[in-house]
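Please open the model in a viewer and keep the sequence at hand.

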Amino acid sequence: MNYKQHLEHNIFKIISQASQELNLECYVIGGFVRDILLNRDHKKDIDIVAVGSGIELSLTVSELILMHPKIQDHKKN
């Protein structure tokens with residue numbers, strides 16, 4: 001299976017750009033990955049984990065998106 005094709009959406013380019021600007025590693029996790037592995041077409045929700053400040057990553061991604069969407073982060077204490 002060609003997994004790379006699932007990461008061609010523009011949002012992944014934006015996330016990649018933001019992570020490079022912040023020098024953070026980040027990974028796609030959760031239901032999006034599950035749906036790819038199970039060959040489902042429900043890939044609407046994308047969960048990202050960042051090694052470092054996920055909040056900073058989400059704010060940078062929001063700034064790079066023209067519409068500046070609402071960002072929901074799940075800060076682990």
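**Starting at helix H3**

The buried residues of H3 pack against H1, strand E1 (25-29) and strand E2 (47-51). This is a predicted model, in which local features need pLDDT of at least 70 and side-chain atom pairs count only at pLDDT 80 or more, while totals for chains, interfaces and linings use all residues. Residues are numbered from 1 along each chain as its sequence is written, and side-chain values use heavy atoms, with hydrogens and water left out. Helices (H or I, at least four residues) and strands (E, at least two) are DSSP runs, numbered from the N terminus.

Select Leu57, Ser58, Thr60, Val61 and Ser62: these are the buried residues in H3 (under 20% relative accessible area, 1.4 Å probe, protein chains only).

**The H1 and H3 pair**

Next, display H1 with H3: their axes, lines fitted to C-alpha atoms over the stretch in contact, come within 9 Å and cross at roughly 125°.

For the contact (heavy atoms within 4.5 Å), select Ile11, Ile14, Ile15, Gln17, Ala18, Ser19, Glu21 and Leu22 of H1, then Glu56, Leu57, Thr60, Val61 and Leu64 of H3.

**The nonpolar core**

Finally, select Ile14, Ile15, Ala18, Leu24, Ala50, Leu57, Val61 and Ile65, the 8 residues of the largest nonpolar core (buried Ala, Val, Leu, Ile, Met, Phe, Trp, Tyr and Cys residues joined through side-chain atoms within 4.5 Å). Helix H1 (10-22) and helix H3 (54-64) each give two or more residues to this core, and H1 provides the largest share, 3 residues.

Definitions and conventions: Buried means under 20% relative accessible area, exposed over 50%, partly exposed in between (1.4 Å probe, protein chains only). Axes are lines fitted to C-alpha atoms, for helices over the stretch in contact, and angles run from 0 to 180 degrees between N-to-C directions.
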